[in-house]
Amino acid sequence: MSGYWCFHRSLLDWKNGLFMKGNYARIICFILSEAGYKKKTYNGTELQLGEFVTSYDYIAKRCCITKSSTRSALKTLEKQHFIRTRTSFQGTVITVLNYEHYQNSARSVHAKGTQNARKTTPSKKKEQINKKEYIEQQR
């Protein structure tokens, strides 16, 4: 897996410091890293932006916590309106609510940065002309 995901600063202050309590940090980071950044189909299940298919066992194993702690944390995150879960025949589908808020702002900043970099990067031809002008001015 390649790429990146953003950790929005608002998560640090989120819901009375929930991120800093117990296993929530691990699970939130896991969820953000697994959430789909584009629509796709997984074994016949249509997944929207911010969704992925998983299981409690898999999350527990990846986050190094117990299955019951995983289930409890996911229920709390659901009550706090960070995620929504639903069961499918493929497993548990987790949806990050407001995914665009947490991730798209970074994409737009990245895109703007890339755009600006393209605008300010001079072409080789232009650099050669500038060098010739500089040399002529020095004579």
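This section describes a strand, a helix and the salt bridges of a predicted model.

Strand S5, formed by residues 91-96, is mostly covered, with 6 of its 6 residues buried. Two other strands pair with S5. Strand S3 (residues 51-54) runs antiparallel to S5 and is joined to it by 4 bridges; within this pairing, Glu51 has Thr95 as its bridge partner. Strand S4 (residues 83-88) is also antiparallel to S5, and 6 bridges join the two. Here the bridge partner of Ile83 is Val96. S4 and S5 together form a hairpin, with 2 residues between them.

Helix H3 comprises the 13 residues 67-79. At 1.5 Å a residue, the helix should span 18 Å, and this agrees with its end C-alpha atoms, which are 18 Å apart. Four of its residues are named as buried: Thr70, Ala73, Leu74 and Leu77. Seen down the helix axis, these buried residues of H3 fall within an arc of 100°, and they therefore line one face of the helix. This kind of pattern can be understood from helix geometry: an α-helix has 3.6 residues a turn, so residues three or four places apart point the same way. The face of H3 turned away from the buried side carries the exposed residues Ser68, Lys75 and Lys79. The cover over the buried residues of H3 includes helix H1 (24-34), helix H2 (56-63), S4 and S5. After H3 comes His81, whose phi is positive, near 65°.

Side chains of opposite charge can pair when their charged atoms come close. A search of the whole structure finds 3 salt bridges. In one of them, Glu34 pairs with Arg62, with the closest N and O atoms 3.9 Å apart. Because Glu34 lies in helix H1 and Arg62 in helix H2, this pair ties together parts that are 28 residues apart in sequence. Glu34 is partly exposed, at 21% relative accessibility, and Arg62 is likewise partly exposed, at 46%.

A salt bridge also forms between Arg86 and Glu51, whose closest N and O atoms are 3.2 Å apart. This pair links distant parts of the chain, since Arg86 is in strand S4 and Glu51 in strand S3, 35 residues apart. Arg86 counts as partly exposed at 37% relative accessibility, whereas Glu51 counts as buried at 6%.

Lys67 forms a salt bridge with Asp57, the closest N and O atoms lying 3.6 Å apart. Lys67 belongs to helix H3 and Asp57 to helix H2, so the pair ties together parts that are 10 residues apart in sequence. Lys67 is partly exposed, with a relative accessible area of 38%, and Asp57 is partly exposed at 48%.

Definitions and conventions:
Residues numbered from 1 in each chain as written. Predicted model: local features only at pLDDT ≥ 70, side-chain atom pairs only at ≥ 80, totals over all residues. Heavy atoms only, no water. Buried < 20%, exposed > 50% of the residue type's maximum accessible area, 1.4 Å probe, protein only. Pairing = 2+ DSSP bridges. Expected span 1.5 Å × (residues − 1). Arc of directions from axis to C-beta. Contact = heavy atoms within 4.5 Å. Salt bridge = Lys/Arg side-chain N within 4 Å of Asp/Glu carboxyl O.
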